[in-house]
Structure formats: C-alpha cells, structure tokens
Amino acid sequence: MNTTNLAENLLTAFPTQSIAEPARTIIRLQDVNIRYGTFHAVKDASMDIYEHKVTAFIGPSGCGKSTVLRSINRMNDLIRGATLEGKVLFNNEDLYSKDVDPVLIRRRIGMVFQKPNPFPKSIYENIAWGARVNGYKGDYDELVETSLRSAALWDEVKDKLKQNALRLSGGQQQRLCIARTIAVQPQVILMDEPASALDPIATSRIEELILELKQAYTIVIVTHNMGQASRVSDYTAFFMVDANRTGYLEEYEQTEQLFLNPVHKKTEEYISGKFG
Amino acid sequence: MQSSLAFGSEENVLSLMEKRRKVSLIWQVVFLLATSLAILFLVLLLFSIIDSTFGYAALAYEVEPSSLVEGRQHLSEFSRLQLEETARSRLSSGILRRVEYEKPIADRSDKDLTALLEQYVVKPSVLRTWGLWESLTNQDEIEMYLQEQDQAVLTFKNWLTFDFLFADQSANPLYAGIRTALLGSLWIILITFLFAFPIGVGSAIYLQEYAKPNRLSRLLQLNIFNLSAVPSIIYGLLGLAVFVRAMEGLTSGSVFSTTVDTTANGRTILSGGLTLGLLVLPIIIINTQEALKAVPDSLRMSSYCIGATKWQTTWGQVLPVSIDRILTGTILALSRALGETAPLVVIGASTFISVDPSGIFSKFTTLPIQIYQWSARPQGAYRNVAGAAIIALMILLMILNSSAIIIRDRLSKKKRMEA
C-alpha cells in the first residue's frame, strides 16, 4: 500500500491540517485561572507548548495538572460550574473566544483518557466512526490500517477487525484509543495518565508509541510516573498545590534540565520522592 | 489485647454467635413466608380464572336434536346426510336462501352445518354453569339439578375456544366472542405507541442529554415523576375534556370529512389512544432517562474528543447502547396501557358494539372494558365468558412482556461481552 498517497489523501480530506515547522509554539497558556464553582482549582498558569514535542505534566494529586490538560481542548466545559479566566491560545487563536466552536477544537486537539474507553463497537468501527462523523471522504480500509499501524496495533488485530473492541486487552484497548484519535488527524494529542491503568509491558509499549507519534503530532501527557516523564518527554511542567488546595505551575523546563538541575526546592523534593 | 477483652470471653462470643444465628434464621423464614404468600395469591388468581373458563354447563335446546332425527341426542352424532336434510327442511326459507347463496349446503363442511343448525334450529341457551372445581368435585349437585330440570342437557364446556377469539359480540353467551374488543385493544395500543414513543423518547433525550441542570429542568423532572403517579382515571377526565370534547372535530374525523360512523362524537380510537398515550408518556420518559443515565459518561467524553457533535454522540454512541433498555421500558409501558380500563370508560368507550373498528375514527371497545362489562351481566354464563377473555388478555400481555425480555437479551449481548 502506498503511504504517501494516503497522506495526501488525508490532507485533502482534512484540509485544516497545516504543514508543521519544528519547535514552534502551538499552544500558549496566558494567566490561566480555572475554577469549579467557587473552588479555585488552578491559578495563574502560563506556559508555551511546542509543536512536535512531548510535554509532560507532573505533580502531586490535586495540583490541577489534569484540569489544565482538559482546558486545552475545552473538555472542562462539560463539567458543571467550571469557568476559566485568562487565555489559551492555539495557533495564536484564543480557544475561549465566543465564536470558537468547541467541537472543532476537539477535532484538532484529541484526547486519550486514563481508563481505556473504546466504543462498544467493532475494532474497525472504532477507527472509522470518528472519521465518518468528521466527513472523511477517503478509503476507510486504508485509514483503518494506517491508523492501527501508527498505533502499533495492526499486527495484533488485523485478522479480527470485526470483533468487538471491548474484547481486547487493556493495553490493546488503549492503543486502539490512540489509533482512533489519530485517525481524525488532530494536531495535538492530550493524554491523561494513559498508562496508569496498564501493566508494565503495556506501559512500555505506550511509551514507545508516544516517542514515535511525536514525529507527526504534538503530545501533552499527564503522568504520575516520573520515570515515564523523563523517558518520553522533551519538556516537563511541575505543578504544585498551595495551602488553599489551589494548583499552580511551579517549574517548567526542558525535561533533562528539570530533572537534573531543578531550580525550585519543591521540584527537587518532588522528583527525589520526598513527597508525592 | 484490649479489643479482645471488649468482645468478652470465648463463651460469650459463642453464645452471642448462637443468638446471631437465630436472628438470621428468623429473618430468612420471614422472607420465605412473604414469597410463599405472594406465590399462593398468584396461584389462587390463576385458579379462579381457569375455574371459570372450563366446566360443566347445563344447556336447554329450543328444539331437541332427538326430535330432528330419531335416537340422536346430539348434533355431533348426525350423519352427513342427516345434517344436509335437516338443514334443508328445518331452516326458515329466508335463512336457507341466504345460506345457499353464500355457499351451497352441499359444499359446506360438517362442522359448518352443525354450527348453522345449532344457531338457527336447535338454539341452545345456558341454564346454569359450574366452575371446573365444582364440576370435578360436586357431581351429586349437578345430577340433582339435572333431575329437577328435565329438559336440561349437560355438556362439558371449554369457553376459551378458537371461535371465541374470532367471534363478535352476542346477546347469547354461547356465541359471544372477543374479536371486536381484541381489534379495539390493538388499534388503541398502536395509536398510543405512535403518539407516546417519539414524544417520550424525544423529551427524555432532551432532558438527559441537552438540558442544563438548572432550576427549570429540575422542576420539569419533578413534575414528570408526579405525573407518572397520577391515577389513571384523572387522565380519563383530561382525555374527555381535551380529546373528546375540545378536539371533537379532529378526533371524530369530521374536519377531514372522513367520519366512519356519526355516533362516535369524538369517542374514537384516536381519542382513546391519545389518552392512554398521555398516561404512559411520563413512564416512557422516565424509563428512557434511566436508560440514558446508565450509559457511562466516558463514552460521551471519548466521542466528543474525536470531534463528534452532541447529536452525533447521542445518535451514534449513546442511543445504540441504550436502545434495548428504551424499547424494554416502552413495551412495559404499553402493556400497562393495554390493561387500562378506567380512563377509557371515562372518555366513553363503547361497552357493547358488534362492529369491528375500521380505523382511527371508529367507535371501539377494548378487552378490559369487555371483561368488566361481561362480569357485570346478571347471566351467570357471562362470568365464564369473562374468564376466557381474561386468559386471552393475559396471554396478550405475556406476549408483550416476553418480547420485551427477548429484545433486552438480544440487544444486550454486546454489553454482556464487556462484563
């Protein structure tokens, strides 16, 4: 099968896809404050997320790293009482301005969840459904195969594409969720602790996959596992929680820098395992 | 070891264990008794229905079969030739002409001729009936009754026959059937379904998937719950005021100038179906909402995260996994509507009609109304007819309910694979 043809196919089918330039800022957070009702969940978060890099969010429980992650594709909108101040810029466009449709944002910024949640449909349909609702006009068989290959799942499932996805193992389900996300060709993939429900072998496969995917996508990953952050990410953001249980960004650096020479004392204590 | 002291000595522990075991046993017996009582009542109900459906009946013939053909006590003992001859000689000339016109006597089956002779010549009437239990245990009393009434003929009668299902109303319980009522019930259920299913499922989807959980939607929700608890007769009054009176032009079909019969005055199948539709609407809404609530939010989230809209998510992901519960809930709601009597009596359903409903603007009667009307008649034999009709209604309900179970099992196979 001719992959260049397919890539062209995808580009024409999804004309919004832009050609990438390396190390460009794709997402910029400016003084982001997030509240759930009256509870101040995250304060004054500002950071740049770079294209074709893996950015890891680490920090203790309740520090707001998942909240920040969900604010990037407006999934917080679905939580009752969630409000956001400040700006989230995606390709220099404010995601929270009134004329922006969250559906379009989520189509550009996909998300993989902590618990594998494939659709209760066949493996084939799991990939094809997302493309279909987004008006994909190309060859579905090809799309399914490329997406599954990109998610390193093709060899395991190619003989049982009609089988219900819920019969796959947890790790396979999670890779299917990644395949389903990349099938609609997003620019950014958000991952909320994608491997925390998986065993070590499945985890390492996901990590390998992340390293491959960053060639084509920008990845933001929330993780509790500092080893994972150091293995897969180029940049790491360390979030902390203050006495009011409000999360804030303590330190944001290139991963090597942050792990080897943390500037802040809290960061050092956290990565050396003094609390967490 | 403070804690083990607080539980007392080993002896105390054992004696307390004995008490705990006893209490536990007592409760088990209580629950068993409750179950047994429930089963007992069900058996009694079933027994009383079956008791009235089968049993001896004492019949009196206007013309004795023995007077038609010497030595024959019963029409069934007649030979083919005797049947044909009797029919030609004893049927009145008017009836004979009509019968011959419809189908020549020579071409008719034995069974057909027997029925003709019975209806027009022998003309049996029911003197008295006995239930199944009496028939089996109280033969002496039946014998005595027969000796007193010398013209009475005893026959063991099964009231629930094939003919019973397809015969129309009759002033003679021997010939009464439920066809009109059965058709009326089916028509009503069809209208109820067509009205309540789309509106009910639609509102449930709106309330569950679209409406923001604010004060207004909470108020709506509360009222839907209240509506589902309103007695059905109130819905009857509502239907009478709205569908029969206020919307008479529409429900009688006169605005479309397609009135089927002019005596209906809005008391039509359409009015009845809409009234029952209102009755089951809150039930369908609540059932559908429960079905939608059972769909995990993670499914919606993952659908949104590949850029699906709310409608695509609802139609492509949420409804396919909840449709089994929605259909099951709807069928159960419909089977409730099938058993409803009061609201239909209030809106003025006919109690005795022998004309089959031919469309939504027809007068109608339904099975429960028919049963109610029969059981209120003074002639004892109608109670047996009512018993047979109850069995027919119960079978219809059982078909509906088991189809609900089958649908649930079929469609939820996928879900069971998940478990």
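The buried residues of helix α2 in chain A are A:Lys65, A:Ser66, A:Thr67, A:Val68, A:Leu69, A:Arg70, A:Ser71 and A:Ile72. That is eight of the eight residues in the helix, which spans 65-72, so α2(A) is largely enclosed by the rest of the structure. Please keep in mind, everyone, that this is a predicted model. Following α2(A) comes A:Arg74, and its phi is positive, near 60°.

Let's stay with chain A and turn to its sheet. Here 10 strands form an open sheet with mixed pairing. If you'd like to trace the order on screen, it goes β5-β4-β1-β2-β10-β9-β3-β8-β7-β6. Which strands stand at the edges? They are β5 (93-94) and β6 (109-112), and each has a single partner strand, so one side of each is left without a neighbour in the sheet.

As a reminder for the next part, strands of a sheet pair through backbone hydrogen bonds, either parallel or antiparallel. For the antiparallel case, have a look at β1 (residues 25-36) and β2 (residues 39-50) of chain A, which are joined by eight bridges. For the parallel case, go to β6(A), which four bridges join to β7 (residues 188-192) of chain A. In that pair, A:Met111 has A:Leu190 of β7(A) as its bridge partner.

Now, are the faces of β6(A) covered or open? Both are covered. On one side sit A:Ile109 and A:Met111, on the other A:Gly110 and A:Val112, and all of these are buried. So β6(A) is an edge strand, with one side left without a neighbour in the sheet, and yet both its faces are covered.

On to chain B, which has 20 helices and three strands. Its radius of gyration is 30 Å, while the globule rule gives 22 Å for 419 residues; the value is well over the rule, so the chain is more spread out than a compact globule. Along its principal axes, the C-alpha trace spans about 100 × 75 × 40 Å. The domain assignment gives chain B domain 1 (57-157) and domain 2 (179-418), and the C-alpha centres of these two domains lie 44 Å apart. As for burial, 34% of the 419 residues of chain B count as buried. Of the contacts in chain B with a separation of 6 or more, 75% are between residues 24 or more positions apart.

B:Ile191 lies in helix α10 (residues 179-210) of chain B. With 21 other C-beta atoms within 10 Å, against a cut-off of 20, B:Ile191 is buried. Leaving aside residues up to four places away in sequence, B:Ile191 touches B:Ile269, B:Leu270, B:Gly273, B:Leu274, B:Gly277 and B:Ile360. Take B:Ile269 from that set: B:Ile191 and B:Ile269 are 78 residues apart in sequence, but 7.9 Å apart in space, C-alpha to C-alpha.

Last stop, the place where the two chains meet. There, 18 residues of chain B are in contact with 24 residues of chain A. On the chain B side, the elements giving two or more residues are α15 (297-304), α16 (310-339) and α20 (413-418). Which of them gives the most? That is α15(B), with five residues. By class, this side of chain B has nine nonpolar, seven polar and two charged residues.

Thanks, everyone, and I'm happy to go back to any of these views!

Methods:
Residues numbered from 1 in each chain as written. Chains lettered and ligands numbered in written order. Predicted model: local features only at pLDDT ≥ 70, side-chain atom pairs only at ≥ 80, totals over all residues. Contact = placed C-beta atoms within 7 Å. Nonpolar A, V, L, I, M, F, W, Y, C, P; charged D, E, K, R; others polar. Rg over C-alpha atoms; globule rule 2.2 N^0.38 Å. Buried ≥ 20, exposed ≤ 12 C-beta atoms within 10 Å, placed from the backbone. Pairing = 2+ DSSP bridges. Domains from an automatic or database assignment.
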